[in-house]
Amino acid sequence: MRFGFDIDDTLINLREHAFHIYNKKLNQNISLEIFNELKTVEIHEAFSLTSEQGGQMWNSLLEEIYFTNCPAFEGAIEFINELQKEGHEIFYITSRPKNYCPRTRQWVVEQGFPVVDANFYCGMQDDEKIHIIKELKLDYYFDDKPAVLNTLTDIPTKIYVKDQSYNQHVNIPRVKSWVDFKLQ
Ligand SMILES: [Mg+2]
């Protein structure tokens, strides 16, 4: 079967990684408890930044956020390697900016995710993911972001949401943890 995955905050814990970097850069010590309560994909509210300041901060730290030691969610690498071993096809679909795509693919490989170059899709807008998912005729697709998931109704692909504080209102099957996740 054909499995598609978003990367950031679906397979890797990017927001939390960025949260630690923000704390360091801003000389703050905001607790993870506050992070875990955030109802937005963006994290600037935890630091009392405006969305403009938050956007600037995020963009200025993008290299560091993307290419340092952001951890994968526990079990994610193993889950995907297991799928590959079973003979399934793995696709990655990430809306990271185009200029970061080659390094992102390399970084994902280095973390231990199985990557077939031709199956690595990067640099689209969030709302363009649906076209790729349709064209690829994916059997399963996993993402965390409500703005993406909301475009994916009415397609035959089975969609799962990776559980996050900002997507609790999304009413589709949920991946709470990759460690004990089973396909329905
Ligand atoms: Mg994501």
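This is a predicted model: local features need pLDDT of at least 70, side-chain atom pairs count only at pLDDT 80 or more; totals for chains, interfaces and linings use all residues.

Residues are numbered from 1 along each chain as its sequence is written.

Q: Why is Asp6 called buried?
A: A residue is buried if 20 or more other C-beta atoms, placed from the backbone, lie within 10 Å of its own, exposed if 12 or fewer do, and partly exposed in between. Asp6 has 22 other C-beta atoms within 10 Å, and therefore counts as buried.

Q: What makes Asp8 count as buried or exposed?
A: Asp8 has 22 C-beta neighbours inside 10 Å, so Asp8 counts as buried.

Q: Which residues does Asp6 touch, not counting residues up to four places away in sequence?
A: With contact taken as C-beta atoms, placed from the backbone, within 7 Å, Asp6 touches Ile93, Thr94, Phe142, Asp143 and Asp144. Under the same exclusion of residues up to four places away in sequence, Asp8 touches Leu14 and Thr94.

Q: How many residues of domain 1 are in contact with domain 2?
A: The protein chain is divided into domain 1 (2–11 + 72–175) and domain 2 (14–67), with bounds that come from an automatic or database domain assignment. In domain 1, 9 residues are in contact with 10 residues of domain 2.

Methods: Two residues are in contact if their C-beta atoms, placed from the backbone, lie within 7 Å.
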